[in-house]
Amino acid sequence: MNLPKDPVMLLSVVNTYLRDYHASLEELCEDAAISADELVQKLAAIDYHYDPAQNQFC
């Protein structure tokens, strides 16, 4: 999966995939073959953090 480099676009794409296709961040990262730590760090840079209860970055 090619994810956008721009953090705001990345946020939108990731939250859409979490909402529509994946039950957890771990599932998304496994399916996309990406590092959860790297994804969390990129989105933390724009002050978004993963909330497992909502299964989204907010």
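**Figure 1. Asn 55 in the loop between β1 and β2.** Asn 55 is buried, with a relative accessible area of 12%; buried means under 20% relative accessible area, exposed over 50%, and partly exposed in between (1.4 Å probe, protein chains only). The loop between β1 and β2 holds Asn 55, and the phi of this residue, which is not a glycine, is positive, near 55 degrees. Most residues other than glycine have a negative phi. Helices (H or I, at least four residues) and strands (E, at least two) are DSSP runs, numbered from the N terminus. The model is predicted: local features need pLDDT of at least 70 and side-chain atom pairs count only at pLDDT 80 or more, while totals for chains, interfaces and linings use all residues. Residues are numbered from 1 along each chain as its sequence is written, and side-chain values use heavy atoms, with hydrogens and water left out.

**Figure 2. Asp 47 in the loop between α3 and β1.** Asp 47, although not a glycine, has a positive phi of about 65 degrees. With a relative accessible area of 56%, Asp 47 is exposed.

Figure 3. Helix α1 (residues 7-20) has 14 residues. From its first C-alpha to its last it reaches 20 Å, close to the 20 Å expected at 1.5 Å a residue; the expected span is 1.5 Å times one less than the number of residues. Leu 10, Leu 11, Val 14, Asn 15 and Leu 18 are buried in α1. These residues cover an arc of only 120 degrees around the axis, which puts them on the same side of α1; the arc is that of the directions from the helix axis to the C-beta atoms. The elements that cover the buried residues of α1 include α2, α3, β1 (50-51) and β2 (56-57), where contact means heavy atoms within 4.5 Å.

**Figure 4. Ser 12 of helix α1.** Ser 12 counts as partly exposed, at 41% relative accessibility. Ser 12 and Phe 57 lie 45 residues apart in sequence, and their C-alpha atoms are 9.2 Å apart in space.

**Figure 5. The two faces of helix α2.** Leu 25, Leu 28, Cys 29 and Ala 32 are the buried residues of α2. They cover an arc of only 95 degrees around the axis, which puts them on the same side of α2. Their packing partners are α1, α3, β1 and β2. On the face turned away from the buried side, α2 carries the exposed residues Glu 26, Glu 30 and Asp 31. Just after α2, Ala 33 takes a positive phi of about 55 degrees.

**Figure 6. Packing of helix α2 on helix α3.** Helix α2 (residues 25-32) packs with helix α3 (residues 36-44) at an angle of about 115 degrees, and their axes are 10 Å apart. That makes α2 roughly perpendicular to α3. Axes are lines fitted to C-alpha atoms, for helices over the stretch in contact, and angles run from 0 to 180 degrees between N-to-C directions; those under 35 degrees count as roughly parallel, over 145 as roughly antiparallel, 65 to 115 as roughly perpendicular and the rest as oblique. Leu 25, Leu 28 and Cys 29 in α2 meet Ala 36, Leu 39 and Val 40 in α3.
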